[in-house]
Structure formats: structure tokens, C-alpha cells
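Some labels given to parts of a structure rest on a value set against a cut-off. Which values stand behind the labels used here?

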2 protein chains.
Amino acid sequence: MVDRQVCMKLLVVGSIAFDTVKTPFGKVKEVIGGSAVYASIAASYFVRPTIIGVVGQDFKKRYFEMLENHNIDTSYIKILKGKTFRWEGFYDYDLNTAHTVNTQLNVFSNFNPSLDENLKKETKFVFLGNIDPEIQYKVYKQIMSPLLIACDTMNWWIENKPRQLKKVIKNVDILFINESELRQFTNEYNIVKAAKMVKSLGVKIVIVKRGEYGAICFYKNRIFVVPGYPLEKVYDPTGAGDSFAGGVMGFLASKLKDTTITESLLRQAIIFGTVTASFCVEDFGVNRIYNISFNQICKRYREIKQLTHFEELK
Amino acid sequence: MVDRQVCMKLLVVGSIAFDTVKTPFGKVKEVIGGSAVYASIAASYFVRPTIIGVVGQDFKKRYFEMLENHNIDTSYIKILKGKTFRWEGFYDYDLNTAHTVNTQLNVFSNFNPSLDENLKKETKFVFLGNIDPEIQYKVYKQIMSPLLIACDTMNWWIENKPRQLKKVIKNVDILFINESELRQFTNEYNIVKAAKMVKSLGVKIVIVKRGEYGAICFYKNRIFVVPGYPLEKVYDPTGAGDSFAGGVMGFLASKLKDTTITESLLRQAIIFGTVTASFCVEDFGVNRIYNISFNQICKRYREIKQLTHFEELK
């Protein structure tokens, strides 16, 4: 189904972190995480993504190997003097909301990626994970002939750099955004209206993430709605949004040959994103999303087809 | 598509009320409402439902006419001395939660329906709206040869009459329940687990209502998930759950010829319920749900098919 050989380059730009997470179902300490890690693991089931990120000297060789073993190009990850970015947080039973306890930016505060000539020329697909919109814009500007660029964001940037964020959204093809963040960004409660407002800024496709309720996508004048995959075990939602975006972008990077994106392909990509996100939350950290097979992904895709199917009206 | 002539009798048991409602988009005072009214209006697009309910002397002739004009049998509505049930509430921007300001049961506190021989024999379908589970059970017991009985409930009964509610749930075929009420009833946060727990009590089908996020249905070992219909204008969610159940039950009553319910039919019914609920919330009170055509219902059914469609995996 997917031929990794002929795929064009997908860059995944974002954080690489050590996460300490507590949920009602357990806890983990300083496990590998970050938006670039989750997104690239999810994307790597479809293409060989290249991570653009920064780590400290405490980011051991085995972590590089772990990513490389998963078909991820780590050769552009920069190692800086100091410690890797750390995030600590917890979730209550309402797993839709992360509560941050502690953030240590460490080397991440000096993250300022400049691409080499090869990457500038060869990159066709970019996922700009949730980082400072000024850095997102800087990366965007370096790509010489992109086919599809997507960005994610979060409440912090909406509050503190709304102007810079708007500039990014004006220029990218896809915006991934949480429902509550979309409301915050537009000051409009109704999601359909809010998505239209964002689209009027220039972005082609708005994909609203709704946690366990799935996603809703706005493209041209059409809407696509998909529910979340119903799970009996949700252990840790950390990285779900990035795994979703990674699945979407990985699939699209494996399929798109030019800038023409069909609705049918976009919808399939969103289902694959729903699938990769659903695996992500089934265990702490990357434990589950790292250890599945492409067959399992396809099986769950077919299950979602079955879960949502109903007869046409005659 | 639907032949109302040959349909078997559907009873809709529940409240008939005058509602005073405020939302961020406006307010209405003492408009006709109540679970039996919303559910029977929604069902009346598919069959001629019979309301079992009680009103006071202030329930004017024109209200009876209004319901009769919508293909609803009002001949079993009892008029008692006193005033009709009144509910006053408001909603914030989060239209998923109703805040009650005032409830006056009035004649509703004496609601104790006993069916005549004709109804006992002829009734094949029953929707037991959200009322005291003891009364739900009493009505259930009177039906001599039912094909399908459904009930709804709410937090008040879960808190105050859990034992009686369990007895109802053990005996009916379909339980309609809100996501938050399902959690409260089972003391289990995960919806999939919670639904399984309820099914183990004996009810065949559990349909969990998720407000703007749609519904999820548990039948045998299968799950059906449908997102809500995305609306730009949601004015008043009052009655949405009852309009949903009314659409489901109305469609099933128009189609089922025996107790064998197919998954395909159930899924279609849930889409019709999603459609009738979506019309309900587009205006205050029954204004919108009362004034649509069957063609509009079918059009929206087809739109939901389009909104949720994606390709099979080859």
C-alpha cells in the first residue's frame, strides 16, 4: 500500500523531550517524548521522516538508535551543551486536559533551526510541531518548493504571539488545532464559525482535534467529521495530538505527488491519524505507538470504517 | 420511504411542560416543551405516536390542536385540575449543560398513567421518557406484547432511585443515556467499559448521547459511533435528547415488523435521531423541529453520509 522508497522528504520540526507524566492509571519518569518524537514515530509507518530538533548531552546514543530503528532520520538533530527539554504534568480522569507541573526548556530555549542546502531543496512536506511561531515561520521560509506544509500550535502562543501565529497560519496549508484553542484564537465558541474565521486568514485546511471525540476537518466548502476510536484503555494522552498529525502527514507524504490534494486522500489521512493517535494513548509515553505494526494500523482503519458505517438512504 | 398507514402503535410517555429558557442567543417564556412533546414531534415524521402525559387546565385547546396537526394522537393526554408542569433553566456558551433555575411539578406530581385495554394490547413500541423509574416500570408492565421498549433517564433518578432504575433497565430493550449520566450511574469514567456494565444488567442496546459530539451505540458486541451534525447556529439545546430518541424510535416503529432488530436498521435509526436532534437545537423550543419537512430530514441524513464518508482501505 505504501512504498517508502519513492516517498519525498517529510520534515518534522518540534520538541524532543523527557516527560514525567502522571495519570489515574500510573506514572512514568523522564521518558522520551516531545512533539517531534511522537509525530515522527507516527509518520514513520508511512515514510522516513527527518526530525529537526535539539537535545542536550543527556540524550543518550540509545535514544538516537531507538528513533533510527523506527525508520526516522535523526541526522539533523542537534546536540547542544546542557540538558534536554523536560516537561512534567498530570491528567485527571478527564484525560482531555493536561495540567503542567513543571517545564524546563533547557537547550530548547536555543532552538533555532537552519536547514542545509540539501534539506531546503529536497523537502516537500513539513510538519511544524507546536513551537514558537517565529521559529515555525523561519523554517517555512527556508523550504524552496514545498508540496504541503502543516503547523500545530497551543494556547501559550495564542496568548503571547498571536500576530506571529497569524503570519504562520496565513502561509501554511494545514492547521492542526485543539477545539478549545480554536475557540481561544478566534474568540468564537461555535467550531464551524471559528474554523471559517481561521480559513479566511489564508490556511487551506483546518483540522480541529477533539480528543476522544475525534476530529473535524474544514477544506474548501466541505466538512469531514470523524469520531474518535472507542477505547477501553486510555492510559496516557500525552502525544496524542502529535501522533494524530504525524499519521496524517506521513500518509499524505507517502501519497501526494504534487500540490493537488484530493478530498478523498485528505479524509483517508485523517483516519490514519485517528488510528495512530488511538494507539498512542493506549500506553504511557511512546510504548505503544512505537511497537505496533503497519498491519495493526490498517486493521484499525478498517475497524473505524465498520464502526461508522451506515446505509445510504434509498 | 415510510408508510404511516401500516405502522404499529408507538407510545411516548413523559412530561408535557411549559419551559422558560435563556441561552446566550435569546430567551423564551413558557413555551410548550417536555420530553413527551419533543420525542413525539420527532417521531411523528415517521409514525403517528400516542402521547401518554398529563397537563393542567392552563394547557389550552390550541396546544392540543398544534400536536394533532403534527400527526400526534393526543387523546390519551389527561387534563387534571391545576397547572401544567413548568421548567425554567439557562445555558451558558457550553450548551451541553442545562442549569435549572426552577421546577414546578404541578399536576405532573400526580402522573400515574394507566393504559386502557386497547393500548395495552395494541402498543408495540414504547418510549419511556425521563420520568420516575417506578412509573416507567408500571407502564412497561402494562404492555402485553411489545416489540421494542426504550427508556431515557437523568441524574436525579440515578441519585434518588437507582434500584428502581436498574429494574427498568433490566427489562427494556434500549437505554438512552447521557455520557455524564452513564458515568454517574456506573461509577466508571470510561464510556466503553461503562456501557458494558450497563448491558450486563440486561438491556440489549445502550445508546449514549454525547451532545454536539453525537452518539455511540452498543449492541451485541458491536459499536456504532456517529458524530453530531455540525451546526453554525445552535440556539437552544432543550429537548435535543428527546428529539434524538423520538427520531430513533419513530423510525424503528415505522420499520420493525417483529422483535428482530438488525444492526443496519438500528444504525439508520440513530442517524435519523441525529438529524431530528440537530433540527431541534436550531431554534428555541419546538419552533424548528415542528416546522421541518420529511424531505429536509432525508436531505440531512444524506448530508451526514457525505460528512462522514471515507474510502475503504484497498
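The questions and answers below concern a predicted model and take its chain pairing, sheets and helix contacts in turn.

Q: What makes the two chains copies related as by a two-fold rotation axis?
A: Chain B can be laid on chain A with an RMSD of 0.0 Å by a turn of 180°, with a shift of 0.0 Å along the axis. The two copies are therefore related as by a two-fold rotation axis.

Q: Which residue of chain B comes closest to the rotation axis?
A: Of the residues of chain B, B:Pro227 comes closest, with its C-alpha at 2.8 Å from the axis.

Q: How do you know that the copies meet through the same surface?
A: Contact is counted when the C-beta atoms of two residues, placed from the backbone, lie within 7 Å, and 30 residues of chain B are in contact with 31 residues of chain A. Of the interface residues of chain B, 100% are also interface residues in chain A, so the copies meet through the same surface.

Q: Which elements give two or more residues to the side of chain B that touches chain A, and which of them gives the most?
A: Those elements of chain B are helix 8 (191-199), strand 13 (222-226), helix 10 (263-280) and helix 12 (294-308). Helix 12 of chain B gives the most, with 6 residues. By class, this side of chain B has 18 nonpolar, 5 polar and 7 charged residues.

Q: Why are strand 3 and strand 7 of chain B said to stand at the edges?
A: In chain B, 4 strands form an open sheet in the order 3-2-6-7, with mixed pairing. Strand 3 (26-33) and strand 7 (99-104) of chain B each have a single partner strand, so one side of each is left without a neighbour in the sheet. Neighbouring strands of this sheet are turned by 15° against each other on average, direction ignored.

Q: How do you know that strand 6 and strand 7 of chain B pair?
A: Pairing requires at least two bridges between the strands, and 5 bridges join strand 6 (residues 85-90) of chain B to strand 7 of chain B, the two running antiparallel. In this arrangement, B:Gly89 stands opposite B:Thr100 in strand 7 of chain B.

Q: What makes strand 4 and strand 14 the edge strands in the sheet of chain A?
A: The open sheet of 8 strands in chain A has the order 4-1-9-10-11-12-13-14, with mixed pairing. Strand 4 (50-52) and strand 14 (222-226) of chain A each pair on one side only, and the twist averages 20° from one strand to the next.

Q: How do you know that strand 9 and strand 10 of chain A pair?
A: Against the requirement of at least two bridges, strand 9 (residues 123-128) and strand 10 (residues 148-152) of chain A are joined by 4 bridges and run parallel. The bridge partner of A:Phe127 in strand 10 of chain A is A:Ala150.

Q: What makes helix 1 of chain A oblique to helix 9 of chain A?
A: Helix 1 (residues 35-43) and helix 9 (residues 240-255) of chain A have axes that come within 7 Å and cross at roughly 40°. Since angles under 35 degrees count as roughly parallel and 65 to 115 as roughly perpendicular, helix 1 of chain A is oblique to helix 9 of chain A. Their crossing is right-handed, and by class the contact has 7 nonpolar, 6 polar and 1 charged residues.

Conventions
Residues numbered from 1 in each chain as written. Chains lettered and ligands numbered in written order. Predicted model: local features only at pLDDT ≥ 70, side-chain atom pairs only at ≥ 80, totals over all residues. Axes fitted to C-alpha atoms, helices over the stretch in contact; angles between N-to-C directions. Nonpolar A, V, L, I, M, F, W, Y, C, P; charged D, E, K, R; others polar. Least-squares fit on C-alpha atoms with pLDDT ≥ 70 in both. Parallel < 35°, antiparallel > 145°, perpendicular 65-115°, else oblique. Left-handed = near helix turned anticlockwise from the far one by under 90°.
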